[in-house]
Each structure stands twice: as C-alpha cells, then as structure tokens.
Amino acid sequence: MSTACEELVDPKQIKLDEIIDKHKHSNGPLIPILQGAQEVYGYLPAHVIKHISKATRIPVARIYGVVTFYAQFRLTPVGRNLINICLGTACHVRGGAKVVEAIEKELKITDGATTEDGRFTLEVVACIGACGLAPVISINNEVHGRLSPDKIAGILAKYE
Amino acid sequence: MAENQRILVCAGTGCASSGALPIIDVLNDEIKRQGLEKTVSVVGTGCQGFCEKGPTLVIEPQQILYTRVTEEDVAEIIEKELIKGERVERLLLVDQATQKPVSSMEDIRFFAKQHRIVLHNCGVIDPKKIEEYTARDGYKGIVKALKGMSPEEVMEEVKKSGLRGRGGAGFPTGLKWGFCRQTPSDKKYIICNADEGDPGAFMDRSVLEGDPHSVIEGMLIGAYAIGADEGYVYCRAEYPLAIKHLGIAIKQAEEAGYLGNNILGSGFDFHLKIFEGAGAFVCGEETALMASIEGKRGMPRVRPPFPAVSGLWGKPTNINNVETWSNIPHILRNGAEWYGQFGTEKSKGTKIFALTGKVNNTGLVEVPMGTTLREIIFDIGDGIQGGKKFKAVQIGGPSGGCLPEDMLDLAVDYDTLTQAGAMVGSGGLVIMDETTCMVDIARYFLNFSKKESCGKCTPCREGTTRMYEILDRITKGEGKEEDLDTLENLAITIKETSLCGLGQFAPSPILATLKYFRHEYEAHIHDHKCPAHNCTALLSYSIDVEKCKMCSLCAKNCPTNCISGDKKTNTPYVIDEEKCIKCGTCIEKCKFGAVTRA
C-alpha cells in the first residue's frame, strides 16, 4: 500500500502536470512543455513523452520528431555535471580542438557520452557566445574562458 | 575627491566568467568599510565590450578604465582612486603601440574609434533597473510616437532613416514594416529574432543582457507602426543571462505601463512574451523560427507567402533581429536625419561587430558603416596576437566569406562586402593569422552547415555533406586533381537550388577561399603540404642533429614512444615517422628549437 501511495505522490509527476496545465491552453505549447519536463527529469524518458502526448493530445510521433530535431532535448540521462565545449569559429581558430582532446583524454569519453560514474556528460556545441574569451567551455552554465589543455584537469576537479 | 562617483563593473557573460561577480560584492563591502557609501555607488552593468581585458571596470565621472581586475585589487583601487585621486598604474591598459599605460577611455583606441548608438547604454547602466534606462532618455521614442505621430508617420521616419536589417541580408526595415502594415488582418504579430546562432557573433546577446529595454521600446514602436498587438522574442536557450534580464525588463515595463493594454492612455495595446529556442541554427530563418514558436520542427518553408502576408499562425508577421529593433528608439528620439548622418549612402547608421580570433583586443565594437576593415582590426583591435602576420578575416559567419590582406581597405557596408564575396551577416569578424589553414576553415564551416542542415531540401542536405567530404579528404592529403572543379560546380548548384538562406549561403566559405586562397588548396592537393602547418596528416616532424643537445625531453614526453636516441652512446635522436601521430608534443617540449615541422 505504502509503495502505491509513494507512486501517486511522485513529486516529479506533480511538477510535470503543473507544467502541462500551465501551457496546455496557450498557442504552441509543445516546446515549453518539453523544456519544463526536461528541467524536472534531466532528460525526456519515454513514459514522460507518452504522458505529455496523452495530456496534450499531440501524437507521440510528432513529439518524438520535435525532440530529435532540437539540440537541447535528450532522450538519455545526463551526468551530474554537463560540460559544453564550444567549437564556434573563434574557439576553433584559437585551438578549441586541443581543449576537446584534453577533456576527452581526461574523462575517457567522447562527444555525447557520459562517464561511467555519472559525474560528467560531454557535449560539443557550436557557440556559447563568449567568443572574446576563446577557447571556452561551460560546465553547468558556468563559463570558463581563455583555456589551454593544461588548465583542464584543475577545472574539472572542482565539479563532483 | 569627486562627489557622487560610480564604479561600473562589467557583469556580462564574458567578464562574469572571468570573475566579475565577486568583485562587485567586495567593492560594496570595502566602500562600506571606508564609509563612502553616500558618495560612491557600484553598478553591475552589461557588456562593456572589452572582453579580452575582463573583468573591466570604469570609474565615473572620470572615465577611468581598469582591466583584468581581481578581488585582491579592490582595496587598492578604492584607496588610491576614490580617496587619494590617484591611479593604480598596474591595472591600466597598456597601449601596444606606445607601450605606455593609458587611463582615460577617450585615449584608449579600442573605444576612441567607436561610435556607440545601439551600445549607448551597454556597460553604462544597470540593465535590471528601468529607471536607469529612462534616465538616459529611455522610452522617450515610444512616448513621442504615441503622443504626436500617426503609425504612418512613424513608418515614414524609419523608412527615411535608411535603416536596413542587421540580421544578415540587409533588407530595408521601413519597407519590410510597410508590407506587414498593408496586409489587412484582425491580428498581427511582431517577432524579435534573438536566435543568434552564428558562431563568432554575440552582439545580440550583449544588447539583451546589457540594455533589454531598448529592444522592448523598439518593438513597441514597430508594433504601433505595423498595427500589431502581440510580440515574441525568440531567444536561444544558450543565453540564460539574456533571458533573465529580458524577463525582468518585460515585467518592469508592464508595471510602468509601457506594455499591456491602453499604453500611456493612447488606446494602443501590446503584449510581449519570451520564447526560448531549443537549439537549432536553422531557426534563425524566419519561416523556421515561426514553425518553432508554433511547436513544430523548425524547418523553413517556401516563400511566398511571405511572413508579412501569412506568418505566425497564418497571421501577418514582421520579424527583425535584436540589433535592428534596438536602433529604432534612437531613430524616433533623434529623427531620421540625425541617423542618416552616420554610415554610407546606401548603408546608414552603425554596425556592431564581434571581434574575435587572433586579434589583440577581442570584444564588441560599434562603428559607423563604411569604416574599413583595417581600422577595425588594426586600430580598434590593436593588430594580430603575438606579432604574427594577418592572413584573413572571416566575416558574416558560416554564410559569409574570408577576405585576404589586400581587401583590408574595403569600407564595411552591405553592398561592398557582398560584391567582395562576403557579407555583413550578423557581424562576426573572426581574425586569422598565418597559422590558420584556409582549407581547414572551409571544412570547419561546411561541417557546421552539414550538421545544422534541417534535411528538408536535397541540395542542402546532400550537398553540404558531399562538399564536406571533399574538403575533409583534401585536408588529409587525399585530394584529387578534379576536386576543385567538383567543389565549384557543387557550390554553384547548391547556392541556386537550396530552399533557404542556410543552404544558399553554405557554399560561401568555399567560394571565397577558392577565390582568394586557391594556392592553399593546390598546395594540399599537388604537394601534399599544408602551408599553415595546421593539417596534421600533412605534417612531418624531424630533429635537427646540429641543434639537438640530446636532453631526451622529447622522447620522454612522446605519447607513442616514437623518438629514440641515446646520449651515452652518442646515438642521435630520430623520429620514427611510421609511429608518429603528429601531436606536436616534441616541438612544445624542446628547449633548443631542434624539432622542426614541415
């Protein structure tokens, strides 16, 4: 009985329903709902997509089409810390590729993957708009600039 | 000591990541400790533009700029600058030409050559306070329009100013508004395109972060002229600070009666919302952007019908980008004639450029249209880093082109740049030096366009991939004789047949580099050499026996153990080319310059 109760009051589910209710009746609700859902769950699990589909009467296929179109949405869980490595033009010209190599070597994962202990997820992105400080990375939206490969280990050590 | 001083600390994304935010707290604490809080205030501003030297702060009213400030410097700045009226010399900017420190902003070439209209408030006001915007004539443009001008008169004023869209193509703004205004409809929308996806451009982010009310005011004026009552700002989710500041500004504008129903008692209604983009470069294209707001995949559609006739949810819609909207309040406040005095005959006003890459002063600069590239790169930008030689400037992002040294005296305006094979685009200027390989740059951009192609039309989807594959082969030394002809043919076909701007301009980096740097392509294909020593596969490393002191540092650090030799037996150190991965570690480690790369 107690487990059933816990399931009923899953706080994530409650939050998700609040998000759906907030946007359901506005024009073009899908993307804001998906963004909200991803904030709650960290990614978009299949059951969440099905739930959104039922609540909004938007077919799962269309939702899946939208989810896979945009870079922001993810279908797999993300690590505790999300590293976005910028490879925009300015970062490319100022040696961003060497920074990518250093991070991949340090964490032993490649673009798009998550470390086995779930500590880091690595994503190469096109531009985070801090070009004046190139090459840059951002970890959990915190920007680190003027990087060189030898600074990487020290920066990563700050994130548990 | 001057009365009522202000310390403006740049808290834009660039300086914040260099450590600006704790400095504001320490400044406030120190000012309190010294009992100066009645005469000195600390303001966290938007981007001051000088990202390279961040965190930066400016002391007003003296206009003294301090660079690369840290928390530890705060006590000294307050002691010397605010109490004794002296300078902290070691934190002043050093002019590269004279090698002397300069303190006043008017003497600093980075600022002296700029003319700030759109960036008028950026780095000067607290963007989170509407009263600081209104204190500098903010919202006077919309008041002037609502109190004494008809919508037609407003539109005429914008037309007369000669303002052209700052997002890329440079279409006359007033004319664009006119199309939307003429379409009869019960409902019209206006949109601010803040989906700044061009890698190397960050002016829209800085304007939204540093002066969000100017965008709101511009949109209000546009909505009034066009007859729209609802608007969206479509902003990239990658810009959290911009979204935050814009959100605060919208709320304040609503409370102050500038947004909502019956604005300033005029009977004019306007509501503004933020839509967070979900990460797709193609959404910068108008029709794709609107599909995205509607909750669909952001794919462009065939035009006509143009958005001015059938846009968001089938209603007439007008889209301009952040910088365009931000120009509008200034035009209304000061008049079209005033605006027309800046710029060239066909490109009026100023343009913001994001100056990045291998240049000494990276940052955000606003100059009158018609300024030459040389002035921007060598005067404002202070030349190339590390005394290296300038090779090219990439202008206009992935849709633009690379221009060589002999084009540096070109006046930057829409028509001149298009003729030269580049474009103003959003205004990214990436500076490249002799170590940048132009084939690799073309490959880089095609990789970008290939990844960002939405896949709807074949020329763009397949064409960008094929062009990328050829370029990738060339950089690996596997180029074929016929590759350059194939590239040119593909480029022209894709340009002519793609559905939207992304595809139509995707070949531009190839066409421009082929035009100006064809010899680099030929060196890769015929001689299997990369003149810039950049393409790894084409490099070969060797050790000069004469210079080698047999210290073994290179061998010890080589990740593949491909360097062998022995001092005891006097066996010279050599590199086994078969095993070498061309990582360059040996060159970096050698203290005697004995390792060479060719």
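Biologist: What makes domain 1 of chain A and domain 2 of chain A two domains, and how far apart are their C-alpha centres?

Modeller: The C-alpha centres of the two lie 30 Å apart. Chain A is divided into domain 1 (2–69) and domain 2 (81–156), and such bounds come from an automatic or database domain assignment. This is a predicted model, in which local features need pLDDT of at least 70 and side-chain atom pairs count only at pLDDT 80 or more, while totals for chains, interfaces and linings use all residues. Residues are numbered from 1 along each chain as its sequence is written, with chains lettered from A and ligands numbered from 1 in the order in which they are written.

Biologist: Which residues have the most contacts inside the largest nonpolar core?

Modeller: They are A:V136, B:V9 and B:V393, in a core of 210 residues. Helix α10 (residues 212–226) of chain B gives the most to this core, nine residues. The word core is used because its members are buried Ala, Val, Leu, Ile, Met, Phe, Trp, Tyr and Cys residues joined through C-beta atoms within 7 Å; buried means 20 or more other C-beta atoms within 10 Å of a residue's own.

Biologist: How do you know what A:V136 touches?

Modeller: Contact requires C-beta atoms, placed from the backbone, within 7 Å. Leaving out residues up to four places away in sequence, A:V136 touches A:C86 and A:L147, among others.

Biologist: How many residues of chain A are in contact with chain B?

Modeller: 32 residues of chain A are in contact with 41 of chain B. α6(A) gives the most to chain A's side, with four residues; helices here are DSSP runs (H or I, at least four residues), numbered from the N terminus.

How values were computed
A residue is buried if 20 or more other C-beta atoms lie within 10 Å of its own, exposed if 12 or fewer, and partly exposed in between; C-beta atoms are placed from the backbone. Helices (H or I, at least four residues) and strands (E, at least two) are DSSP runs, numbered from the N terminus. Two residues are in contact if their C-beta atoms, placed from the backbone, lie within 7 Å.
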